[in-house]
Amino acid sequence: MIDTAFLITAFTTLFVVIDPPGQTPIFMALTQGMDGRTKRAIALRACLTAAGILAMFAAFGEAVLGFVGISMPAFRVAGGVLLFLTALDMLFERRTKRREDRAEAEEHADPSVFPLGIPLIAGPGSIATMILLAGQHPGAEGLATVIGVMLAVLAVVLFLYLISGLLGRLLGKTGLNVVTRLLGMLLAALAVQFILDGLRAFGFAG
């Protein structure tokens, strides 16, 4: 049985890494001037694309690591470092600025697959998180749980995409920045926990 603590940790980690509130302004910028039906279609395609990519890495990511000779504890430490760097970017607003620059540089008529689905939702951080979480509970039940949690987070992303106009008016840029910083602090703590778990598996931490 998968315990409740793991479900909460998995959801929180993926939520903070994917950062649905931080995704919303980017979606608004990429779909500016489009009608409501087109925006809904783009939002759905972006989330479905990201779901497929993340599920694939959850299912086969650890096997790929084993094939190239990387142990799960080593990947856990590396993933924790990557998540910690992501947290620093969120705390100091570098992540939002980089996303905006990338979105402007890669703006297409249909941004659902790129850059929304990849790499803004299914990026290095979320892919590493899926592999880490799936590795904590090997087997079909653990995989199904991690994928279910991922789908729940993407459902939040889709919901915020669909109400992006209303959310932007309610929170404003300042409100979105406050939410991003709070999530960054939480992600930093979770990243340190991943690193400690990896070191413990090597016998370096008590």
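Q: Asp19 first: buried or exposed?
A: Buried. In this predicted model, Asp19 has a relative accessible area of 1%. The cut-off for buried is under 20%, so Asp19 falls in that class.

Q: Where is Asp19 found?
A: In the loop between α1 and α2.

Q: What about phi of Asp19?
A: Near 60°. That is a positive value, and Asp19 is not a glycine.

Q: Back up a bit. How many helices and strands does the chain have?
A: Nine helices and zero strands. From the N terminus on, the elements read α-α-α-α-α-α-α-α-α.

Q: And what share of the residues is buried?
A: Buried residues are 43% of the 206 in the chain.

Q: What part of the contacts is between residues 24 or more positions apart?
A: 86%, counting contacts in the chain with a separation of 6 or more.

Q: Now aromatics. How many aromatic pairs are there?
A: Three, taking ring centres within 6.5 Å as the rule. One of them is Phe11 with Phe15.

Q: Why is that pair of Phe11 and Phe15 called stacked?
A: The planes are at 25°, and under 30 degrees counts as stacked, so Phe11 and Phe15 qualify. Their ring centres are 5.9 Å apart.

Q: Where do Phe11 and Phe15 lie?
A: Both are in helix α1, residues 4–18. They are four residues apart, about one turn of the helix.

Q: Which class of accessibility does each get, Phe11 and Phe15?
A: Phe11 is partly exposed at 30% relative accessible area. Phe15 counts as buried at 18%.

Q: What about Phe27 and Tyr161?
A: Also an aromatic pair, and stacked. The centres are 4.3 Å apart, with 10° between the planes.

Q: Which parts of the chain does that pair link?
A: Distant ones. Phe27 sits in helix α2 (residues 20–30), and Tyr161 in helix α8 (residues 140–162). They are 134 residues apart.

Q: Buried or exposed, Phe27 and Tyr161?
A: Phe27 is buried, at 1% relative accessible area. Tyr161 is buried too, at 2%.

Q: Switching to Thr13. Where is its place?
A: In helix α1. Thr13 counts as buried, with 0% relative accessibility.

Q: What does Thr13 touch?
A: Leu83, Thr129, Leu190 and Phe194. That leaves out residues up to four places away in sequence.

Q: And Gly80, what is it in contact with?
A: Beyond its neighbours within four places in sequence, Gly80 contacts Ala191, Phe194 and Ile195. So Phe194 touches Gly80 as well as Thr13, by the contact cut-off of 4.5 Å.

Q: Which helix holds Gly80?
A: Helix α4, residues 72–91. Gly80 is buried, with a relative accessible area of 0%.

Q: What separates the C-alpha atoms of Gly80 and Val192?
A: 6.3 Å. Along the chain the two are 112 residues apart.

Q: Last topic, the surface. What does the accessible surface of the chain come to?
A: About 10100 Å². Carbon and sulfur atoms account for 69% of that.

Q: Which residues form a nonpolar patch there?
A: Met56, Phe60 and Val64. Together they have about 310 Å² of accessible area. Val64 is in helix α3, residues 36–67.

Definitions and conventions: Residues are numbered from 1 along each chain as its sequence is written. This is a predicted model: local features need pLDDT of at least 70, side-chain atom pairs count only at pLDDT 80 or more; totals for chains, interfaces and linings use all residues. Side-chain values use heavy atoms; hydrogens and water are left out. Rings of Phe, Tyr and Trp (its six-membered ring) pair if their centres lie within 6.5 Å; planes under 30 degrees apart count as stacked, over 60 as edge-to-face and the rest as tilted. Helices (H or I, at least four residues) and strands (E, at least two) are DSSP runs, numbered from the N terminus. Buried means under 20% relative accessible area, exposed over 50%, partly exposed in between (1.4 Å probe, protein chains only). Accessible areas come from the Shrake-Rupley method with a 1.4 Å probe; for residues, only the protein chains shown count as cover. Patches are made of residues with over 30% relative accessible area and no salt bridge: like charges are joined within 9 Å, nonpolar side chains (Val, Leu, Ile, Met, Phe, Trp, Tyr) within 5 Å. A salt bridge is a side-chain nitrogen of Lys or Arg within 4 Å of a carboxyl oxygen of Asp or Glu.
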